[in-house]
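Today I opened a new page in my notebook and went looking for pockets and charged pairs. Come along and follow each entry on the structure yourself.

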Amino acid sequence: MSNSSTFILMFGLNPDDYTNEEVEPIKIDKGWIINLKQSKDASKRICPHCKSIHSQVKDYHVVEYSISDNPGERNYVRIRKVRFICMDCGATYTNALKGIVENTNLTERTLQLMKVSFTEMLTFEQIGRTYGLSDARIIQLFDELVPYVPRRLFPKYLCIDEVKMETEYGKYIVILSDYETGEIIDVIKSRQDAYLRRYFNEIPIKERENVKYLISDMYDEYESIRKTFFPKALHLIDMFHIVKQLTEATNRLRVRAMNNILYEGSFGHEFMKSKWKLFLIRANEIPDKEYTSKTREKTYTYPNMVQYCLNECLDLYKAYSALQDLYQYKEHKTYTTAIAFIDFIINKLRGSENELLNKVADTYKKWKNEIAHTFSHKYKEDKYFTNAVAEGNNSKFGTLVKIAYGFHNFERTRKRFLLIKSYNYHK
């Protein structure tokens, strides 16, 4: 086999379709061009219209096909194609070439590689740069090559969460994911009641009964959905959102204390501003480092500085104390002890007249049963129930929406994200 035949095979073409000539690639800016000549073998001259074998060469025309598969490269195969004319019916025709996609400037190999690219965390713009095509052309090919992506079957642990995205259906879309695998089950066009109910109503009852646990944040509509469509499933509130309720309130109180009590440039102000994360983590995780005050020119330990700032603001102290208690949720192994623990946190928050802490107390009271189930079933199932899977997907999804052209179209968005998070077996 000649070197040219080896080259032709490498790009999924058939050497028998071309004249047996040695060809050397031509160097061009950012890539290469290989010139090939289609064979005019008489045995291939069969008119597709009347099946006559009496044809002759009419003329030649050159067509260029992209074979690039690396970013920054521009590689092409330039084929001099033969056009025949039938001596019986007068029709003109060109024989199809193996590996060449008709009515495009792409090879089948390029399209297959492109399909793989659609399952990677790449923007349409990045894919376009790889194959030397425009964003618009890549999007057009994506819609043609991937007309539909089916959803996954509902799992035992179903995470449901929303991500902010402006579409014609509203400001939020909903992501369903499998807690155990992290796979995206499906993407729903809106979190509005009408869309959610229409969607879940179309899921077979038998499949919905597979869901034993529904894991979500504290959005009211999700509890309504659970009661209607997953009546046998236990509703768990992910730990991320449970803790987030109190950490956000604590952080806002830190800012208030920093601005209203510890004036700018004061001893505590500079520490609270630069080391704000220390007020939101577990006390035993505060590093035993030293902090040198620019104001007093003295050195203090991080734990001592945190305590000093807390002593300056009673509301912040109460929020921090309740947050540290909340971090002990892992100790409550039964539903009964979990309920008592949540009541303890609620009462502690109500001990302050601060509106932020009372609002958190109201939220915990409203979702008390679901939170208690979350705490206690962690031990029964030996699982750490959290919506981190969904949150992680949302983070990647948000990044994809922001950086990729073409994601204003919901159906395209859904297909692309399912390919990336559920059908990419190399992830």
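These are my notes, entry by entry, on a predicted model.

**Entry 1: the largest pocket**

I began with the pockets. How much space lies in the largest pocket? I noted about 290 Å³.

Next I looked up its lining. I found Asp217, Met218, His241, Lys244, Gln245, Glu248, Ala249, Arg252, Leu356, Lys359, Val360 and Thr363 there. Which helix gives the largest share of this lining? I wrote down α8, with six residues. Two helices, α8 (239-260) and α13 (355-366), each supply at least two residues.

I got four nonpolar, three polar and five charged residues.

**Entry 2: the second largest pocket**

I moved on to the second largest pocket, where I noted a volume of about 240 Å³. Its lining has 13 residues, and the closest to the pocket centre are Ile188, Lys189, Tyr195, Tyr199 and Glu202.

**Entry 3: a pair inside α8**

I went back to two residues from the lining of the largest pocket, Lys244 and Glu248. Their side chains meet in a salt bridge, at 3.8 Å from N to O. Both residues lie in helix α8, four residues apart, and I noted that this is about one turn of the helix.

**Entry 4: other salt bridges**

I wanted the total next. How many salt bridges does a search of the whole structure find? My count reads 20.

One of them joins Lys366 and Asp220, whose closest N and O atoms are 2.7 Å apart. This pair links distant parts of the chain: Lys366 sits in helix α13 and Asp220 in helix α7 (residues 220-229), and 146 residues separate them. I looked up both partners' accessibility. Lys366 is exposed, at 52%, whereas Asp220 is partly exposed, at 43%.

I also checked Glu285 and Arg282, which form a salt bridge with closest N and O atoms 3.9 Å apart. Glu285 has a relative accessible area of 44%, and Arg282 has 23%. I marked Glu285 as partly exposed and gave Arg282 that label too.

Where does Asp17 sit? I found it in the loop between α1 (3-10) and β1 (26-28).

Asp17 is buried, yet it has no salt bridge. Why does Lys44 not count as a salt-bridge partner? Lys44 has the nearest side chain of opposite charge, but it is 4.1 Å away. A salt bridge needs the nitrogen and the carboxyl oxygen within 4 Å, so this pair is left out.

I then looked for another neighbour of Asp17. A polar atom of its side chain lies 3.1 Å from the backbone nitrogen of Lys98.

Key: Residues are numbered from 1 along each chain as its sequence is written. This is a predicted model: local features need pLDDT of at least 70, side-chain atom pairs count only at pLDDT 80 or more; totals for chains, interfaces and linings use all residues. Side-chain values use heavy atoms; hydrogens and water are left out. On a 1 Å grid over the protein atoms alone, a cavity is a set of points where a 1.4 Å probe fits but cannot get out, and a pocket is an open set with protein on both sides within 12 Å along at least five of seven lines; lining residues have an atom within 4 Å of a point. Grid points are joined across faces, edges and corners, and a volume is the space filled by probe spheres set on the points. Ala, Val, Leu, Ile, Met, Phe, Trp, Tyr, Cys and Pro count as nonpolar, Asp, Glu, Lys and Arg as charged, and the others, Gly among them, as polar. Buried means under 20% relative accessible area, exposed over 50%, partly exposed in between (1.4 Å probe, protein chains only). Lys and Arg count as positive and Asp and Glu as negative; His and the chain ends are not counted. A polar contact is a pair of N or O atoms within 3.5 Å; within protein, one must be able to donate a hydrogen and the other to accept it, and residues adjacent in sequence count only if both atoms are side-chain atoms.
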